[in-house]
Amino acid sequence: MSEMVRFPDVMLLAAGLGPRLRPVTETIPKPLVPVAGVPLIERIMANARAEGAKRFTANAHYRADQVLAHFGGLLKVSREEELLGTGGGVKRALPMLHSDPFFVMNTDAFWPAGSDAPLGRMIGRFTEQTEMVLLCVHPRDASGFERSHDFCLSPQGLVTRDYGAPVIYGGAALVGKKLFDGTPDGAFSLNDLFEECIERESVAGVALDAPWFHVGDPEALAEAERRLQP
């Protein structure tokens with residue numbers, strides 16, 4: 001999308017309870033859990049900033065005051081009194097997001113700083129025929145992921161259910177606002193939109209060329225810290 005004159009806004013999903021990461025998340029929200037001394041959300045934001053991101057919005061629910069205090073007003077926060085899910089949380093925050101399309105990024109998955117720059121490639125794959133672009137990870141590059149794969153990436157660069165190389169969703173999506181037209185006002189999952197767009201064959205994928213860390217439980221956290229030690 002060469003006519004995109006400024007880097008898209010980034011929506012950070014930071015409202016979850018993080019139950020699988022207990023006992024760590026009993027006193028701290030998952031996005032603020034440090035990995036080798038750096039909070040998860042800071043690692044994800046650094047990945048985006050390295051490619052040009054300047055505007056960030058996050059949703060918050062569990063221990064939201066800690067998220068707000070951590071950023072001290074430097075980040076727009078959409079506070080959810082009740083959990084709205086990944087889809088409902090993004091929809092609630094749409095008025096805070098000025099670019100179209102915009103990135104949605106999980107706050108529990110990242111790649112080492114400077115190891116790759118996939119977001120720019122995702123922007124390049126967003127066309128009028130594309131409803132969303134997903135970051136894809138080859139299972140061999142993934143740490144802290146238990147399933148075999150989420151979907152497949154075809155030789156033509158389309159995300160499919162069963163054609164192409166098995167890949168994992170890397171926690172970053174470039175989506176247009178019109179995708180949320182007609183969606184529920186309450187809680188729903190982004191996975192619902194993923195499935196609908198895959199059915200319409202309108203989802204492009206970009207493969208990450210770097211190690212990828214998913215920090216979902218204490219074992220994954222320990223493994224990420226071990227591998228990130230200098």
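## A walk through the cores, cysteines and His70

Start with the largest nonpolar core, which has 46 residues in this predicted model. Select Val10, Leu12, Phe103, Met105, Leu119 and Met122: these have the most contacts inside that core. Next, colour residues 40-49, helix α1, which gives the most to this core, with five residues.

Now centre on Leu12. Skipping anything up to four places away in sequence, Leu12 touches Ile41, Ile44, Met45, Phe56, Thr57, Ala58, Asn59, Leu75, Met105 and Thr107. Then hop over to a second, separate core of 27 residues, where you can pick out Val104, Cys136, Leu153 and Ile198, among others.

Last stop: His70, in helix α2 (residues 64-71). Is it buried, partly exposed or exposed? His70 has a relative accessible area of 34%, so it counts as partly exposed. Show what surrounds His70: leaving out neighbours within four places in sequence, its contacts are Leu32, Pro39 and Glu42. Zoom in on the Glu42 pair, where the two side chains make a polar contact at 2.8 Å. Then check Leu32, 38 residues from His70 along the chain, with the two C-alpha atoms separated by 8.3 Å.

Conventions: Residues are numbered from 1 along each chain as its sequence is written. This is a predicted model: local features need pLDDT of at least 70, side-chain atom pairs count only at pLDDT 80 or more; totals for chains, interfaces and linings use all residues. Side-chain values use heavy atoms; hydrogens and water are left out. A nonpolar core is a set of buried Ala, Val, Leu, Ile, Met, Phe, Trp, Tyr and Cys residues joined through side-chain atoms within 4.5 Å. Buried means under 20% relative accessible area, exposed over 50%, partly exposed in between (1.4 Å probe, protein chains only). Helices (H or I, at least four residues) and strands (E, at least two) are DSSP runs, numbered from the N terminus. Contact means heavy atoms within 4.5 Å. A polar contact is a pair of N or O atoms within 3.5 Å; within protein, one must be able to donate a hydrogen and the other to accept it, and residues adjacent in sequence count only if both atoms are side-chain atoms.
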